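Dear colleague,

Please find the structure below, together with its sequence.

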Amino acid sequence: MSDNNKSTPFRGQGGHAIIIGAGIVGLATARALAVRGYKVTVFERNERAVGASIRNFGMVWPIGQATGPMFERAMLSKSIWKMVCTEAGIWHDEVGSLHLAYHDDELQAIQEYVDVNHQYRDCAVLDPAAALSKSPAVNPNGLKGALWSGEEMIVESRVAIGQVAAYLAKKFGVEFHWNTAISRIEHPKVSSGTQSWEADEIYVCSGADFETLYPELFAQTQITKCKLQMMRLVSQPDEWRIGPSLCGGLSMIHYPGFQAAASLPALRKRYEEQYATHLKWGIHVMVSQNGSGELTIGDSHEYGLVHDPFDKEFINNLIIEYLHTFANFKDWKMLQSWHGIYPKMTNGAYELVTDVEPGVTLINGMGGNGMTLSFGLCEQVIAARKDNQ
């Protein structure tokens, strides 16, 4: 509600909520509230979401999460993604994923992973012939096998985020204020310059930008920022598709889901010797394909509160060099390169959900898992607070 009374607020059966940030966390929170009858208003400082939510692979990636609550959250998130994409006509592709093994220790870790997880997940060990039948982009030279997972899904994040916002506006009447940077929060009021609005509840979902709104809280929180470098290759000729998203062995030591493999520490030790530079810059290499046939590849991970705004060419070269060890494409021409920055908890937590003050909740800190976990996390957070009232 504006102080100048130019508009009359609509109060849904659940009340009125304001959300700061129109990235994936803000949209997921808006959806969870809107389906429960809330009137929702979203404020975004830019004319559209331009942060980490659009600067990623577009991977909804359950395989990266450890079996248990986080995997269940990822699968809940995927189910919501599928529902939203289907209702809104948003492109999505349930292609699954392949983690490719070219050494015996990689194949051993994959076998151990499947032994532990096959009863909980759609996963299997494939021999080289089966792996090559899944994707024409797999490099056959020295291939020993692969981990197949059928649960991963791709969206084109740089388009899908805006499409989800439009869907929420159309279906639930969620109101978006673009180009409106909220500079002060004093519940029940949020302010942008001389304008202000009020709501029963306020949710801060603006990624690392919460440092501006709550500098003391940010300074006290065990949180840092991660910079990642990524690239996109041109649309592949003749509508050639790679099928599943592809990953090299380095991805197995990046994601917590693979800690189920008993031999993973030994594999990590070999990588630390063979790929010391890659690991210094947090490089593990994956590729996904969008609906237009373009290939998104990456990425790296640099941690710190301040990052060099200039990308490092040698990091991109290391990514491409490693990608050649497990992938063959029709056209390797570079279309784009970029970097993204997202907040990352340093205490091992998977998210930061806290009441800053009565009526104001911060949802943040998913550390690169936003596409995979946001819909699930925000549904769980809002359900826990609202469904038993």
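His177 is buried, at a relative accessible area of 19%; buried means under 20%, exposed over 50% and partly exposed in between, with a 1.4 Å probe and protein chains only. This is a predicted model, in which local features need pLDDT of at least 70 and side-chain atom pairs count only at pLDDT 80 or more, whereas totals for chains, interfaces and linings use all residues. Residues are numbered from 1 along each chain as its sequence is written, and side-chain values use heavy atoms, with hydrogens and water left out.

His177 belongs to strand E9 (residues 175-177); helices (H or I, at least four residues) and strands (E, at least two) are DSSP runs, numbered from the N terminus. Apart from neighbours within four places in sequence, His177 is in contact with Thr41, Val42, Phe43, Glu44 and Trp197, where contact means heavy atoms within 4.5 Å.

In the loop between E9 and E10, Asn179 has a phi near 55°, a positive value in a residue other than glycine. Asn179 is exposed, at 55% relative accessibility. Asp238, in the loop between strand E14 (223-233) and strand E15 (245-247), likewise is not a glycine and has a positive phi of about 55°. Asp238 counts as exposed at 79% relative accessibility.

Turning to the sheet, 3 strands form an open, antiparallel arrangement in the order E10-E11-E12; two strands pair if DSSP finds at least two bridges between them. Strand E10 (184-186) and strand E12 (195-198) are the edge strands, each pairing on one side only. Strand E11 (residues 189-192) pairs with E12 over 4 bridges, and Lys189 stands opposite Glu198 in E12.

One runs from His187 to Pro188, with omega near 10°, and Pro188 lies in the loop between E10 and E11. Another runs from Gly298 to Asp299, with omega near 0°; Asp299 is in the loop between strand E17 (295-298) and strand E18 (302-304).

Finally, helix H1 (residues 24-34) and helix H5 (residues 157-172) pack at about 20°, their axes 10 Å apart. Axes are lines fitted to C-alpha atoms, for helices over the stretch in contact, and angles run from 0 to 180 degrees between N-to-C directions. H1 is therefore roughly parallel to H5, a term for angles under 35 degrees. Ile24, Leu27, Ala30, Arg31 and Ala34 in H1 meet Ile161, Val164, Ala165, Leu168 and Phe172 in H5.

Yours sincerely

Technical notes. Angles under 35 degrees count as roughly parallel, over 145 as roughly antiparallel, 65 to 115 as roughly perpendicular and the rest as oblique.
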